[in-house]
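The notes follow in the order I took them.

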Amino acid sequence: MITIYTDGASRGNPGPGGWGAVLMAGSHYKELAQGYKYTTNNRMELLGVINALKAVKKFGSSITLYSDSKYVVDAINKQWLTGWQKKNFLKVKNPDLWIQMVPLLKIHQVKFVWVKGHAANKYNNRCDELATAAADGDQLIDDTGYTDDTDNTKLL
């Protein structure tokens with residue numbers, strides 16, 4: 001069983017941003033983070049999940065993923081993502097990232113759990129620290145999928 005916590009942050013929305021993730025399995029513990037020059041909070045929430053799932057090397061892993069993003073958790077748990085796929089992601093924000101997430105959800109057994117942000121949750125708080133430090137850092141990269149409207153008209 002693998003436990004993952006993720007968080008995203010942006011300084012301005014849009015503005016500089018970052019994501020952070022904590023992965024735990026048995027005695028193994030790993031932290032991941034990356035900052036971006038210009039992006040949105042929701043994109044960082046998604047990239048935290050995507051990059052954490054990409055870091056899991058064992059195919060078919062059972063994962064519980066905790067996020068304080070209702071946007072991410074509800075999209076999975078309320079089956080919004082399934083509906084968006086059926087409509088080819090038309091009129092969906094951040095389609096490039098949702099499209100990246102779909103195959104990751106197929107290769108692992110992922111249960112999404114919402115946690116209250118900025119509360120007394122050690123690992124969620126650590127992810128927030130990682131995400132904000134990444135957003136404030138000097139190793140910022142381009143969010144190549146970000147556009148001001150961030151819709152899928154750029155993908156077609």
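**Rings and their neighbours**

I began with a charge over a ring: Lys70 lies over the face of Trp114, 4.7 Å from the ring centre. I note here that the model is predicted.

Next I looked up the ring-ring contacts. The count comes to seven aromatic pairs. One of them is Tyr38 with Tyr146, an edge-to-face pair with 5.5 Å centre to centre and 75° between the planes. I then checked where these two residues sit. Tyr38 is in strand β3 (residues 28-39), while Tyr146 is in the segment after α5 (122-136). The pair links distant parts of the chain, 108 residues apart.

I moved on to Tyr71 and Trp98. Their ring centres are 5.5 Å apart and their planes stand at 75°, so I logged the pair as edge-to-face, which requires over 60 degrees. Tyr71 belongs to helix α2 (residues 70-77) and Trp98 to helix α4 (residues 95-107), so this pair ties together parts 27 residues apart in sequence. I also looked up the accessibility of Trp98: the value is 0%, so Trp98 counts as buried.

Last, I looked for rings joined through several pairs. Tyr5, Tyr29, Tyr66 and Tyr123 are linked by ring pairs into a cluster.

Terms used. Residues numbered from 1 in each chain as written. Predicted model: local features only at pLDDT ≥ 70, side-chain atom pairs only at ≥ 80, totals over all residues. Heavy atoms only, no water. Phe/Tyr/Trp six-rings, centres within 6.5 Å; stacked < 30°, edge-to-face > 60°. Helix = DSSP H or I, 4+ residues; strand = E, 2+ residues; numbered from the N terminus. Buried < 20%, exposed > 50% of the residue type's maximum accessible area, 1.4 Å probe, protein only. Lys NZ or Arg CZ within 6 Å of the ring centre and 35° of its normal.
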